[in-house]
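Please look over the structure shown here before reading on.

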Amino acid sequence: MKFRFDHNNINVLNLEKSVNFYREAVGFVEIRKVESADKSFILVFLGDEKTGHKLELTWLRDRTEPYNLGDNEFHLALKVDDYDAAFAHHKEMGCVCYENPTMGIYFIEDPDGYWVEIIPENR
């Protein structure tokens, strides 16, 4: 029996804003969209066009308050081929929330407060 990663899920309050953020910040594209028959939820699967791993964004119609992310100790991690260009782009977007020059990484924050770690490709 063998398992492999397929996707990770995060819940979002504003689906359009989140899809746009992940498109602009890290180049993710929409792979698939699922809408419930009663319109109570929408799932959007985003991908990097390089791997089969997906990020599932879940929007719930009746949810109005922000999600409790606890201490935000869980996060996504992405490798990038041009770390300096990515850092400059994210600084310009205003989404860099934590820098760790000693480790050679930084984090960006999405519209719902989820953190995404950015790692140089060669690390």
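The model is a predicted one, and the values quoted here are computed from it. In brief, helix α1 spans residues 15-26, and the largest pocket has a volume of about 690 Å³.

**Helix α1**

- Helix α1 is made up of 12 residues and covers 16 Å from its first C-alpha to its last, which is close to the 16 Å expected at 1.5 Å a residue.
- Within α1, the residues Leu15, Ser18, Val19, Phe21, Tyr22 and Ala25 are buried.
- Because the buried residues of α1 fall within an arc of 160° when seen down its axis, they line one face of the helix.

**Ends of the helix**

- The N-terminal end of α1 is capped by Asn14, which has a side-chain oxygen 3.3 Å from the backbone nitrogen of Glu16.
- Just after α1 comes Gly27, which takes a positive phi of about 75°.

**The largest pocket**

- In total, 26 residues line the largest pocket, and of these Val26, Phe28, Asp48, Leu78 and Lys79 lie nearest its centre.
- At least two residues of this lining are supplied by each of α1, β3 (41-47), β4 (54-60), β5 (76-80) and α2 (83-93), while the largest share, five residues, comes from β5.
- By residue class, the lining of the largest pocket divides into 11 nonpolar, seven polar and eight charged residues.

Note on methods:
Residues numbered from 1 in each chain as written. Predicted model: local features only at pLDDT ≥ 70, side-chain atom pairs only at ≥ 80, totals over all residues. Heavy atoms only, no water. Helix = DSSP H or I, 4+ residues; strand = E, 2+ residues; numbered from the N terminus. Expected span 1.5 Å × (residues − 1). Buried < 20%, exposed > 50% of the residue type's maximum accessible area, 1.4 Å probe, protein only. Arc of directions from axis to C-beta. Polar contact = N/O pair within 3.5 Å; in protein donor to acceptor, adjacent residues only side chain to side chain. 1 Å grid on protein atoms, 1.4 Å probe; cavity = no way out; pocket = protein on both sides within 12 Å on 5 of 7 lines; lining within 4 Å. Points joined across faces, edges and corners; volume = space filled by probe spheres on them. Nonpolar A, V, L, I, M, F, W, Y, C, P; charged D, E, K, R; others polar.
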